[in-house]
Amino acid sequence: MRRREVLALLAGFAASPQPAAGAKRIRRLGFLTTASGPARRHHALEDALADLGYQAAGNLAIERRYAVGNLELLPALAIDLVRANVDVIVTETTPAALAAKKATSRIPIVMATAGDALGSGLADSLARPGGNVTGMTFRGTDLASKRLEVLRELKPEARRFAFFGNSRIIPEQLAFAAMRSIAESLGIEATFIDAPMPESFQVAFATMAAAKIEAVSVAESAVNTEACDQLVVLAARDQLPAIYGRREFTDAGGLVSYGANFEDLFRRAAVFVDKIFKGSNPADIPIEQSRKFELVLHGRTARTLGLTVPRSLLARADEVIE
Amino acid sequence: MSGAAPDTVAAPGAMPKKVRRRLFWKYVIVVAAVVGVALPANWLFGIWLSYRDHKASLVRIQREQAEAAATKIGQFVKEIENQLGWMTQLPWSTVTPEERRFDALRLLRQVPAITELALLDEAGREQLRVSRVTLDVIGSQTDLSQHPAFVEAVARKNYYGPVYFRRGSEPYLTLAHAENRRDAVAIAEVNLIFVWDVISQIKVGERGKAYVVDAAGRLIAHPDISLVLRNTDFSALPQVRAARTGTSPDEERDVQGARVLTAHAAIAPLGWQVFVELPLAEAYAPVYASLLATSLMLGGGLLLAVIASLVLAGRMVRPIRALQTGAARIGAGALDHRIEIASGDELEALGEQFNHMAAQLQDSYANLERKVEERTHELQLANLAKSRFLAAASHDLRQPLHALNLFVAQLRSESDEAERRRIAGRIDAAVAAMNELFNALLDISKLDAGVMAPQVTEFPVARLLKRLETTFLASAREKGLDLRIVSSRASIRSDFILLERILLNLVSNAVRYTPRGGIVVGCRRRNGLLRIDVCDSGMGIPQEEQRNIFGEFVQLTSSEFGGGLGLGLAIVDRLSRLLDHPIEVSSKAGSGSRFSICVPLAAVQEQPVELTVPAAGLRDPLQGKLIVVIDDDPLVLDGMRGLLQSWGCRIVTADSDNAALARLNDAKPDLIISDYRLAHGGNGFQAIARLNRAIAAEVPAFLISGDTGPEWLSPAAQAGRPDDAARDHQSDAESLQQWRRRDAARYPAAGDGGFNPNAAAAMTASVRLLAFKALRITVT
């Protein structure tokens, strides 16, 4: 009798999950995004995590929540993740980060992409975020002026510019504000065209055509990125020179893009996740800014639009797609 | 033999302590201690050396890595400078603004690290600014001629500004370059985050890293970029401080507090330092590994040492213990125990010695016991012999005593005078027989007790033979035997009296036991000895009895030959032993016997002293008297001889009574003159007494001496005084003494030593007077 009890005890002991030193503990990661579903840039995060030793099949469990472009869904999704008791929440886009931050001040949040961390109120300072939010920022606000400059180089005579985005997204507001102040100093016009969802794109472009907009800067939001093909087609139909924030657009045929490499951002985010898994306090992890900005030109689109690309722009371009 | 010894050392009287095993443990401890000290010492030393060497090589490698890193970062900056050099090569006026802008934009594309680039003309006015994040500005004409970047670049071609942090996050460096030191100056804002790329590529072991700090100690580049973005101040680290002062520490703590091995190199001309750090655990991992391995080996070695020491000690101690127990057993009495050691060394030899000793002891014991047995046996036999001797003596004594009883009884009852006289004669005979027996017994006792000391002198054997002849001639003729004594001119060395006794006994036996025929006594020289033979034609002695006849009371025949006690040959045997003259017997039953005695020859074969014949002349009253002079001084003897011969005396000189007796040759002296002090402690009184006894006479004598003291009286007591002769001599001596004293007083030192003519004359007169007095010669 006694021997059997001992054996049972040993068996039970062996079967129960052992909190072994770091090796077999399963980390839970929550992923919140306004996108509709997994994208290639998302995989970059998982690949980078795998390089750091977090296998999706082994010691890493990922909970994905997609807002599918609907910003209203974000809070509920965030709370859902919190309730799922994840160890860290990785967010894509500023609204998701804001929603996550609202949902929890305990669970660390890593912003994979954020336009303007300080401007959005996600952190107190870049060096020491404070709070539970840290991650990557792609300086969308800073880039707004450069994008305008590029547009002006391509179409020097243009006077009426538009900013195509979602007025509910704070970094886009900030970007537009920067754009407008420069436009004012240059004596040109800048208008905000609000198009939160793909369904509203048609109407937005009609509005732009009606306002006789000569060039547009398209926000690099996740929604826009998912609908990049649609946007590119619309811009081509309307013969509207557009500058985008991500090279996905120029890959799809857009005229020009100037912005950070978002895959790199997701890759760097994995480092933040790793630090947090290892016990670092997100308040002490500084926010990183992207330092490489690619200027991608689409030559054929330019020719189609009848635009001449100046030498200086060519000199600046990191890539020219034909 | 001793009883069986017990196995432990517990024999009675042995040490009560139990057997100690200290030697074994001593050896174990010594060997183990030696090895136990040597091995760890060796290990420690090896470890220390290995640690030192390893650390030295590590530090060297790290320094090289730091140098390499410094070079790489220097290259990074140099590259930027080169690019700026292209920009500023040509004079401002020779290049159009568009071209300049084009070049600047191209540069931005070439050098991702430059975030902003400004170009100043030779006057220090900004003519162009291009940026990645802000609008380009063309021809602002901002006067920056006082800006240190411009000033420095114009002066020294390059300007390196202090590191500053944009938005408190990213480190930037303002770099200015003027290729020709005029014409144009390019000022670039370099995002130092790009140094991070360079640093990240530097591999330092597994978990080591390289990082860069600026001149103030602030972190510029680090594999963990968040440290840089946090604007971490590394200036507090000791290695950073040391680098700024120029020293080179080795082991310090990094910013997280972990212990690291650190090396640094300077990046001139920026004034930055690059540090290469390796965690100590990883750095010394090989050392720790070898430490573990060698300590395991050490443990194994120590264990082996202990085992080996136990074994060794056991082997060393075993033979010693065998020795110990073996010796203890032998000492306890087991003499037949043998120690067995087969170690093939000195201990084995020692064991052999022990065994040899034990064997010797065994033999001695056996010998001793055997000897004790023999002695006891001999003593028993001797005791038995003594008892038998006593019994035989008593038996032989009883006979004459018995006869005496009868005769006395007869005498009492006898009235006839003639018969009484006859009985008295028989009584005399019986008493004589008893006397003879007692004398013989006494002789034997004296010989046995060893109180007889032979006085060896040299004398002609003829004297001895002559006496034999005189003694036995008559009795031999009576029995009808032919006695012939063949003389010899040899001189022998022996005791005259004792030898005479031997020969007397032998001849007496020969006479008694020879019924018919003759007896011959002769001498033969044999092997440097003189063999005196006594041959008879008697019945002979059978072979088997030839030893027994020398025993006490042994008589081969019955009393038909009359007389004899059987002690004669016993006395001869003892005397011969005493004088060390071997006796031989040669005889065959029925055909006579020969008894021989071998005596040594004298060293000097001298002629017998002739008795001098005095010269004819006036008849001296002393003429013809035979005077014996005894003195141990030859000079005195010569003097006396001369003197007395002048008086017409015949003299015999000798140094002792024995010699005198020998030389007298049976002549009876008329006077004896003896020195008081004689050789060998003898004195004149004794000599005179003995001589008189030997010749059975009372010869007048006087002493001469140089002594004048009162001891003259004591010698009389010393002489023993057995007979009246000595007493007479004493009275003579007393009167002589008075004469001597008177003479001596007048002539001191007379008689001994030096020749004083007056003293000699006085002495001569005295001697003559004394001679007259002694011989009772009155001179008219």
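Buried means under 20% relative accessible area, with a 1.4 Å probe and protein chains only; exposed means over 50%. This is a predicted model, in which local features need pLDDT of at least 70, while totals for linings use all residues. Residues are numbered from 1 along each chain as its sequence is written.

**Helix α11 of chain B**
- Helix α11(B) covers residues 461-479, helices being DSSP runs (H or I) of at least four residues.
- Its buried residues include V461(B), R463(B), L464(B) and F472(B).
- A kink of about 45° is centred on F472(B); the bend is the angle between axes fitted to the seven residues ending there and the seven starting there.
- Just after the helix, G480(B) takes a positive phi of about 80°.

**Helix α8 of chain A**
- F201(A), A204(A), F205(A) and M208(A) are the buried residues of α8(A), which runs over 201-210.
- They lie on the same side of α8(A), because their arc around the axis is only 95°.
- V203(A) and A210(A) are exposed on the face turned away from that side.
- The buried residues pack against β6, β7, β8, α9 and α10 of chain A, contact being heavy atoms within 4.5 Å.

**Largest pocket**
- The largest pocket has a volume of about 1,200 Å³.
- Its lining has 45 residues; R268(A), V271(A), W196(B), P223(B) and D224(B) lie nearest the centre.
- Lining residues have an atom within 4 Å of a point on a 1 Å grid.
- Helix α12(A) gives the most to this lining, with eight residues.

Notes
Chains lettered and ligands numbered in written order. Predicted model: local features only at pLDDT ≥ 70, side-chain atom pairs only at ≥ 80, totals over all residues. Heavy atoms only, no water. Helix = DSSP H or I, 4+ residues; strand = E, 2+ residues; numbered from the N terminus. Arc of directions from axis to C-beta. Expected span 1.5 Å × (residues − 1). 1 Å grid on protein atoms, 1.4 Å probe; cavity = no way out; pocket = protein on both sides within 12 Å on 5 of 7 lines; lining within 4 Å. Points joined across faces, edges and corners; volume = space filled by probe spheres on them.
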